[in-house]
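The following questions and answers concern the model shown below. Please keep the structure in view while reading.

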Amino acid sequence: MTGSKIRSGMTRLVPYAFILPPMIYLMVFMFWPLARQMYMSLTNTRIINPNRGRFIGLGNYERLFDDPAFYLSLKATLVYAVLAVVFGVSLGVISALAIDRPFKGRAIVRAILLFGWAVPNVAASLIWLWMYNDRSGVFNRMTEFLGLGRFPWLTSTELALGSILAVTVWQVAPFVMLVVLAALQSVPHEVREAARIDGADELSTFRAVTLPHIRPAIQLASLLVCVWSIRRFDIIYLLTGGGPVGTTSTLVVKIRQTAFEGHELGMASAYGAVGLVLALAIAALHYAVEQRRMKWMSR
Amino acid sequence: MPFKKLTLKLLRYLLIGVLVVLAGFPVYWMATTALSLNSELYGSGQVIWPQVQNLPELWRELGQVPIGLWLFNTLLIAAGGTVLSLTLGSLAGYALSRFRFHGRGLVGFLLFMTQVVPEALILVPLYAMFITFGLLNSLTGLVLANVGFSLPVACFVLKGAMDAVPYEIEESAIIDNCPRFGVLTMIILPLIMPSIAAAAVVAFFAGWNEFLFASTFLMDRENWPASVGLASFVGQYETPMSAVMGAALVFSIPAIVFFLLIQRKIVAGLTAGAVKG
């Protein structure tokens with residue numbers, strides 16, 4: 001900090017006058033609830049009287065680790081997050097590369113490609129529910145027209161997760177595209193031209209020149225998509241409600257259902273604790289990648 | 001060589017065409033469905049272009065859905081959350097941008113952490129807390145819960161903008177013994193208006209779209225925001241699908257317009273938080 005040479009006891013307190021109100025707010029409405037959630041997972045709290053649960057030690061966790069539904073939920077969460085990253089990021093990168101160079105109507109194309117990201121989750125859920133509708137939805141009308149018959153998009157154990165993934169990819173790919181487009185602007189045009197003049201084909205130019213420039217953006221977008229997939233509640237809850245037979249019940253859906261349909265707040269909190277560990281693991285991974293990149297950049 | 005170039009060009013346009021259809025179709029279908037008659041939707045099959053002549057019919061159907069009240073509640077929730085998160089976010093952003101103090105690293109880490117915590121994790125404790133303080137079933141409680149997540153994003157966006165403001169600009173005011181709070185509100189904030197607008201749009205639409213907290217904390221129908229109201233159409237068949245899609249469209253249009261207007265700023269904000277934490 002340049003210029004601030006006067007350092008009396010008073011001026012040393014000034015930053016705290018600014019940082020304390022927001023931090024106290026977060027303590028009350030974010031970190032205290034998080035801590036309380038950890039404690040609640042050790043109690044038998046029920047919804048009838050959420051402030052009075054009895055301490056039961058690790059009882060909830062013992063039940064949790066004995067319950068096949070828990071492993072199903074964990075599996076659904078991980079599979080969903082990984083596939084959302086794989087497909088969402090690939091489609092986002094492809095979209096960014098497709099519209100990177102100027103062409104006529106680029107602004108409109110760019111706007112349309114962002115629709116999935118801009119439509120509110122609940123509205124998106126309603127549209128896709130209608131499109132997946134068994135008798136009258138556009139997908140089944142199309143497959144029937146093609147002679148393939150109707151598909152139970154949201155009610156079959158084989159298709160449900162894939163159907164939800166389609167909605168997710170529609171929502172996150174535009175964000176990835178924007179992040180990658182921003183990074184593509186930093187690729188020096190002359191270098192690409194030079195590579196092409198030297199006889200390099202599209203693919204090797206991409207690998208040698210473009211990819212190194214956009215790799216950090218892709219990494220960052222992947223981590224964000226992963227975190228968001230673990231957090232995502234609304235579209236899964238509204239499209240399948242976690243079904244059929246738990247194949248789409250990710251941890252967050254499970255938390256809400258255990259708490260407000262099963263009325264077991266303690267048990268729901270145990271699910272929450274597992275979710276927190278998962279979220280922190282990804283945050284740590286993210287942090288490590290970020291540190292390595294900083295080192296690499298300052299070299 | 002020219003032939004190969006032409007093929008590549010054609011392939012590229014084909015790819016763009018496919019992407020546009022994939023991305024645009026659901027929204028197109030929402031509009032087309034809204035403008036259809038119910039007899040078409042469930043019977044013979046949907047007309048695949050928007051029938052604008054059905055607009056009066058859609059208007060009549062929407063009159064039977066309390067979409068106006070829902071949107072009004074949504075507006076209150078979104079606006080309240082915006083004001084609160086911008087106020088607190090600019091304080092935090094200023095502290096992080098202009099001062100080195102004990103605990104600065106911890107503050108940065110905690111703010112970063114809020115970005116990976118799923119909302120569902122604090123759902124149950126907040127529910128218990130709101131019962132104690134009588135905040136259950138109130139819009140105030142909902143706003144307080146939402147701001148926990150939008151405040152850090154606002155802070156990251158505003159801190160980034162403040163970092164770009166040279167210190168010399170506020171230096172003379174500080175030497176003249178102007179209080180630091182005055183420096184923030186009268187010198188810094190007016191200089192970063194575009195970023196404030198961006199942070200406001202992000203916070204506003206976070207509140208606009210929010211569903212998990214709203215559907216858990218608000219029981220009375222007259223308190224429902226549009227997200228919860230629209231979700232109540234799932235699995236019930238009294239409301240015609242064209243009205244459902246019409247309401248969804250009305251709910252989506254403001255979000256689409258604003259997201260498209262400030263897309264770059266939103267991306268900068270969301271990624272800045274994740275990078276600099």
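Predicted model: local features only at pLDDT ≥ 70, side-chain atom pairs only at ≥ 80, totals over all residues.

Q: What is the omega of the peptide bond from A:G243 to A:P244?
A: Most peptide bonds are trans. The bond from A:G243 to A:P244, however, is cis. Its omega is near -15°.

Q: Which residue in the loop between α11 and α12 of chain A is A:V245, buried or exposed?
A: A:V245 lies in the loop between α11 and α12 of chain A.

Q: What is the phi of A:V245?
A: Most residues other than glycine have a negative phi. A:V245 is not a glycine, yet its phi is positive. The value is about 35°.

Q: Is B:N177 buried or exposed?
A: B:N177 lies in the loop between α8 (168-175) and α9 (180-191) of chain B, and it has a positive phi of about 65° although it is not a glycine. Because B:N177 has 7 C-beta neighbours inside 10 Å, it counts as exposed.

Q: How are α8(A) and α10(A) oriented to each other, roughly parallel or roughly antiparallel?
A: The axes of helix α8 (residues 160-184) and helix α10 (residues 202-231) of chain A come within 9 Å and cross at roughly 155°. The crossing is right-handed. Angles over 145 degrees count as roughly antiparallel. The orientation of α8(A) and α10(A) is therefore roughly antiparallel.

Q: How many nonpolar residues does the contact of α8(A) with α10(A) have?
A: Residues of α8(A) in the contact include A:V172, A:V176 and A:V180, while those of α10(A) include A:I214, A:I218 and A:W228. By class, the contact has three polar and no charged residues. The number of nonpolar residues is 14.

Q: Which helix of chain A gives the most to the side that touches chain B?
A: Between the chains, 76 residues of chain A are in contact with 77 residues of chain B. The side of chain A that touches chain B has 59 nonpolar, 11 polar and six charged residues. With 17 residues, the helix that gives the most to this side is α1 (residues 9-40) of chain A.

How values were computed
Residues numbered from 1 in each chain as written. Chains lettered and ligands numbered in written order. Contact = placed C-beta atoms within 7 Å. Helix = DSSP H or I, 4+ residues; strand = E, 2+ residues; numbered from the N terminus. Nonpolar A, V, L, I, M, F, W, Y, C, P; charged D, E, K, R; others polar. Axes fitted to C-alpha atoms, helices over the stretch in contact; angles between N-to-C directions. Parallel < 35°, antiparallel > 145°, perpendicular 65-115°, else oblique. Left-handed = near helix turned anticlockwise from the far one by under 90°. Buried ≥ 20, exposed ≤ 12 C-beta atoms within 10 Å, placed from the backbone.
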